[in-house]
Amino acid sequence: MGFEVVETPDLPTPGQFSHVVKKGNIVFISGQTATEAAAAGNLDPVDQAREIFAYLQSAVEAAGGNMSDICKINLFLTDGSQIPAIIEVRPQFFDRPYPAATLVTVNSLIRRELVMEIEAIAILD
């Protein structure tokens with residue numbers, strides 16, 4: 001049995017991938033970037049983090065869940081100095097206990113104006 005592609009009308013149109021796929025009660029959310037902020041030339045990591053977490057919220061809700069169902073996030077930052085932005089914004093979208101997380105700094109993302117990308121895994125009750 002394959003997986004179900006979850007329609008996500010609130011997220012930017014993806015390329016040759018799905019934003020969200022669901023297999024049973026497990027939801028995989030592709031890496032999200034702050035496309036609107038970046039398109040406007042906004043490199044502020046707090047604004048980009050806020051936009052990305054809002055995309056994750058839309059994605060998990062489209063799959064029938066909520067932010068408390070997200071159990072793992074993977075964060076890719078272009079600069080370790082952006083960590084305070086994550087620390088500031090995360091509590092606006094998640095309650096404690098926070099999901100497990102991996103944070104990696106990378107040389108660059110797909111577009112130069114993007115300063116971070118976050119992907120998530122959720123398990124629905």
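This is a predicted model: local features need pLDDT of at least 70, side-chain atom pairs count only at pLDDT 80 or more; totals for chains, interfaces and linings use all residues.
User: How far apart are the end C-alpha atoms of helix H2, and what span should its 18 residues give?
Analyst: Helix H2 covers residues 45-62. At 1.5 Å a residue, its 18 residues should span 26 Å. The computed separation agrees with that: the end C-alpha atoms are 25 Å apart.

User: At the start of H2, which backbone nitrogen does a side-chain oxygen of Asp-44 reach?
Analyst: The contact comes from the side chain of Asp-44. Its oxygen comes to within 2.7 Å of a backbone nitrogen, that of Val-46.

User: Which residue just after H2 takes a positive phi?
Analyst: The phi angle in question is about 95 degrees. The residue that takes it, just after H2, is Gly-64.

User: Which helices and strands do the buried residues of H2 pack against?
Analyst: The buried residues of H2 include Val-46, Ile-52, Phe-53 and Leu-56. The buried set packs against helices H1 (35-39) and H3 (83-93), and against strands E2 (20-23), E3 (26-32), E4 (70-77) and E6 (116-123).

User: How many aromatic pairs does a search of the whole structure find, and is the pair of Phe-53 and Phe-93 stacked or edge-to-face?
Analyst: The search finds two pairs. In the pair of Phe-53 and Phe-93, the ring centres are 5.8 Å apart. The planes meet at 25 degrees, and under 30 counts as stacked. So this pair is stacked.

User: Where do Phe-53 and Phe-93 lie, and how many residues apart are they?
Analyst: Phe-53 sits in helix H2 and Phe-93 in helix H3. The pair links distant parts of the chain, with a separation of 40 residues.

User: Is Phe-93 buried or exposed?
Analyst: The cut-off for buried is under 20% relative accessible area. Phe-93 has 18%.

User: What kind of pair do Phe-53 and Phe-94 form?
Analyst: Their ring centres are 5.8 Å apart. Phe-94 lies in the loop between H3 and strand E5 (100-105), so the pair ties together parts 41 residues apart in sequence. The planes stand at 85 degrees, so the pair is edge-to-face.

User: Which residues do the ring pairs link into a cluster?
Analyst: Phe-53 pairs with Phe-93. Phe-53 also pairs with Phe-94. The cluster is Phe-53, Phe-93 and Phe-94.

User: Which residue lies over the face of Tyr-98?
Analyst: The distance to the ring centre is 5.6 Å. The residue over the face is Arg-90.

Note on methods. Residues are numbered from 1 along each chain as its sequence is written. Side-chain values use heavy atoms; hydrogens and water are left out. Helices (H or I, at least four residues) and strands (E, at least two) are DSSP runs, numbered from the N terminus. The expected span of a helix is 1.5 Å times one less than its number of residues. Buried means under 20% relative accessible area, exposed over 50%, partly exposed in between (1.4 Å probe, protein chains only). Contact means heavy atoms within 4.5 Å. A polar contact is a pair of N or O atoms within 3.5 Å; within protein, one must be able to donate a hydrogen and the other to accept it, and residues adjacent in sequence count only if both atoms are side-chain atoms. Rings of Phe, Tyr and Trp (its six-membered ring) pair if their centres lie within 6.5 Å; planes under 30 degrees apart count as stacked, over 60 as edge-to-face and the rest as tilted. A charge sits over a ring if NZ of Lys or CZ of Arg is within 6 Å of the ring centre and within 35 degrees of the ring normal.
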